[in-house]
Amino acid sequence: MDTRPEKAPSAIIDEALRKAMSAGWEVRGTTSPNPPVGAVIVSTSGEIVGTGATQPVGGAHAEVQALADAAGNTEGATAVVTLEPCNHTGRTGPCTSALIEAGIKEVFYLHSDPNPDAAGGAEELREAGISVSQLHTPQGEPDALLPWLKSVQLGRPHVTLKFAQTIDGFTAASDGTSQWITGDIARNHVHEDREHRDAIIVGTGTALTDNPSLTARNSDGTQRENQPRRVVIGRRSLADVGENASNLNSLGFEQYANIDVAMEELFASGARDVLVEGGSGLASGFMNAGLVDWVQVYQAPILLGEGISVLAHPLANTLKDAVRFSRGQVIALGDDLLINYVKTPDSS
């Protein structure tokens with residue numbers, strides 16, 4: 001007689017996975033250095049009865065949150081998680097133990113845990129008699145874990161270079177004006193994205209010229225709940241901005257002498273997903289160092305003919321040597337487009 005637990009229907013698992021991925025996306029930018037994981041509990045009757053996501057450092061992991069949300073409905077239930085349940089004790093206990101003690105009989109997970117200290121959860125669950133299967137990412141579904149996974153692999157923060165440009169590739173007009181290339185919808189999206197980053201990085205030239213706040217704001221100007229760290233890279237003192245220096249200092253800007261120091265210190269202090277916003281010298285520095293993993297292009301339906309380029313220095317003299325990216329998600333934001341690009345593995 002087959003005593004293995006009955007498998008949950010695939011449609012329910014797909015729905016649970018999408019809900020788990022959404023839960024993980026919501027907490028992205030609040031969990032580092034821990035991953036933004038989402039988890040869902042499906043009851044024996046096929047209903048979603050619990051949802052959870054990773055809490056800030058020191059708080060509960062996604063599985064524990066989901067189990068608490070599903071209290072009283074976990075015996076014989078199914079857990080769907082975006083990352084393989086951890087199998088180690090850190091600030092909190094292992095999620096594998098929590099799932100076993102709750103009576104979970106089936107676990108689906110999306111990504112294997114690349115951290116050797118936490119890996120092995122799937123095997124631990126199988127040894128406890130739980131059915132364990134790995135899933136594939138649903139097409140078109142944004143995956144909050146990708147920057148964290150890449151950061152663990154690289155041993156540095158995952159870097160996204162973001163800029164707005166015209167159709168013909170200029171980020172500002174010849175006279176230096178750049179506000180506003182994109183429309184309101186695109187600018188609101190920028191602030192929504194900032195809220196989910198560990199840090200925003202600019203160069204000293206941008207800081208001294210533009211006096212940016214680098215905050216994540218709502219359309220009415222109020223600040224969003226989660227705020228990224230504000231980082232300036234360069235040797236020029238922020239005191240050079242004169243009356244603006246007090247504003248930059250009051251906002252808690254961190255300053256590092258160069259890119260290498262910034263990457264090392266940010267990673268050591270927990271940052272895993274950072275956004276480089278400018279200017280052209282800093283963008284060139286990150287590109288030439290081979291540190292740009294993703295590119296976000298906010299493209300406006302504007303033609304200038306001439307203007308200021310995104311990069312201050314050339315990266316290649318021939319197409320053969322160009323740094324290549326693969327197109328990811330494309331999002332329409334009013335009349336503007338957000339085009340996401342991922343660096344191809346063989347690019348230097």
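Colleague: How is the protein chain divided?
Modeller: Into domain 1 (11-145) and domain 2 (155-343), with bounds from an automatic or database domain assignment. This is a predicted model, where local features need pLDDT of at least 70 and side-chain atom pairs count only at pLDDT 80 or more, while totals for chains, interfaces and linings use all residues. Residues are numbered from 1 along each chain as its sequence is written, and side-chain values use heavy atoms, with hydrogens and water left out.

Colleague: How far apart are the C-alpha centres of domain 1 and domain 2?
Modeller: 33 Å.

Colleague: And how many residues are in contact?
Modeller: 8 residues of domain 1 touch 10 residues of domain 2 (contact: heavy atoms within 4.5 Å).

Colleague: What area do they bury?
Modeller: About 770 Å² between them, 39% of it on carbon and sulfur atoms. That is accessible area (1.4 Å probe) lost on putting the two parts together, summed over both.

Colleague: How many salt bridges cross the interface?
Modeller: The rule finds 1 between domain 1 and domain 2; it asks for a side-chain nitrogen of Lys or Arg within 4 Å of a carboxyl oxygen of Asp or Glu.

Colleague: Switching to rings, which one does R28 sit over?
Modeller: The charged end of R28 is over the ring of W25, 4.8 Å from its centre. The test is NZ of Lys or CZ of Arg within 6 Å of the ring centre and within 35 degrees of the ring normal.

Colleague: What about R272?
Modeller: R272 lies over the face of F267, 3.9 Å from the ring centre.
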